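Here is a short briefing on helix packing and aromatic pairs. Keep the structure open as you read.

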Amino acid sequence: MSILFFILIFGVVVVVHEFGHFLLAKANGIHVVEFAIGMGPKLFSFQKGDTRYCLRLLPIGGACIFEGQDGIYDKDKPKEEPDGLPGDCVPDEEQKGAFHKAKVGARIATVVAGPLFNFLLAYVFSLIIVGNVGSTPPVIGNVLEGYPAEEAGLQAGDEILSLNGERVHLYDEVSLFSALNTEGKDVTIVYRRDGVKHKTTITPVYEDGRYYIGFSGTGTPVVGSPLKVMKNSFYEVRYLLKYTYKSLGMLFTGKAGLKDLSGPVGVAELVDDVYQESKPAGVRAVLINMLYFAVLLSVNLGVMNLLPIPALDGGRLIFLLIELVRGKPVPPEKEGLVHMIGMILLLILMVFVFYNDIARLFR
């Protein structure tokens with residue numbers, strides 16, 4: 001069951017990502033040579049229109065290959081003859097539908113569409129989750145005796161509005177802020193009690209390897225009206241976006257290491273953990289938790305693909321923005337070289353992460 005859930009979740013997230021690229025490419029007249037789900041050897045494929053649809057062996061990725069992108073052309077596509085005379089065909093790189101022949105705005109939209117569709121998928125799944133089980137508001141449920149929160153006068157029932165000027169809407173955001181305060185910096189809390197706003201500054205106390213303020217949430221999710229569900233679903237996705245880019249920030253600042261990265265094997269292991277922990281609570285709990293995992297994975301994939309790394313959507317976007325500013329594209333051979341180097345480095349990272357995941361399984 002865990003393997004099936006992993007394939008299903010990963011498959012849906014990847015299909016939606018690639019479909020975003022596909023839809024915007026078609027809308028802008030860009031020829032999609034191949035729409036592939038999975039990586040590695042081809043299991044089967046079929047041709048529909050001018051696009052070949054493929055299912056590949058390894059369910060760990062996908063691709064939407066455009067005409068002319070990275071020098072790839074559809075060799076089976078008939079050459080156009082603008083003057084109607086045989087033997088006077090348009091070269092591959094000049095054919096209609098080639099990626100680089102589209103307007104720069106159309107290409108930017110096509111590249112960004114993949115991550116954007118991941119965020120939209122995350123929001124749709126969040127609507128289902130929040131509509132069924134609700135979300136936890138940032139309300140204090142218990143103040144621990146002898147901790148800074150009690151000394152500052154915080155009480156159960158207080159609604160936290162902001163932390164160090166950062167607006168919060170969910171208790172998860174409060175937990176994330178506290179967990180990331182690894183240096184024990186003072187925290188300015190704006191909260192509401194009986195309709196009146198209050199403000200206090202608290203110095204966390206260090207205990208058991210981390211800093212504590214000294215309160216916990218109610219732990220009670222609230223569903224609310226349809227409008228509230230829509231708003232809280234947006235806040236859930238926003239929280240996971242914040243969670244993802246702050247985690248990446250820890251990676252780049254050295255607060256987290258490469259050993260903390262996970263690839264498909266690590267994701268499959270996490271799916272199994274979620275499934276095993278949810279199973280005793282019944283089918284509904286399993287489905288809700290799997291949906292939440294899909295939301296996290298979809299947001300994660302969207303953010304990672306927007307990073308300005310060659311060979312990823314973010315790396316391609318950088319070149320398109322440079323073209324937009326200078327009014328002419330970067331020479332294809334130079335851009336291709338950068339993406340090739342980026343792909344080699346990504347493959348090396350993938351091997352390292354795969355090894356790390358396997359080693360973690362044995363540990």
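Helix H1 (residues 2-27) and helix H7 (residues 283-306) have axes that come within 10 Å and cross at roughly 40 degrees. The model is predicted.

**Packing of H1 and H7**

- The crossing of H1 past H7 is right-handed.
- On the H1 side, the contact is made by Phe 5, Ile 9, Phe 10, Val 13 and His 17.
- On the H7 side, the contact residues are Val 286, Leu 287, Met 290, Phe 293, Ala 294, Leu 297, Ser 298, Leu 301 and Asn 305.
- Sorted by class, the contact of H1 with H7 has 11 nonpolar and 3 polar residues.

**Aromatic pairs**

- The model has 12 aromatic pairs, counting rings whose centres lie within 6.5 Å.
- In the pair of Phe 6 and Phe 10, the ring centres are 5.3 Å apart and the planes are at 45 degrees, so the pair is tilted.
- Both Phe 6 and Phe 10 belong to helix H1. They are 4 residues apart, about one turn of the helix.
- Are Phe 6 and Phe 10 buried or exposed? Both are buried.
- Phe 10 also takes part in the contact with H7.

**Aromatic cluster**

- One aromatic cluster is formed by Phe 19, Phe 22, Phe 35, Phe 46, Tyr 53 and Phe 117.

Conventions. Residues numbered from 1 in each chain as written. Predicted model: local features only at pLDDT ≥ 70, side-chain atom pairs only at ≥ 80, totals over all residues. Heavy atoms only, no water. Axes fitted to C-alpha atoms, helices over the stretch in contact; angles between N-to-C directions. Helix = DSSP H or I, 4+ residues; strand = E, 2+ residues; numbered from the N terminus. Left-handed = near helix turned anticlockwise from the far one by under 90°. Contact = heavy atoms within 4.5 Å. Nonpolar A, V, L, I, M, F, W, Y, C, P; charged D, E, K, R; others polar. Phe/Tyr/Trp six-rings, centres within 6.5 Å; stacked < 30°, edge-to-face > 60°. Buried < 20%, exposed > 50% of the residue type's maximum accessible area, 1.4 Å probe, protein only.
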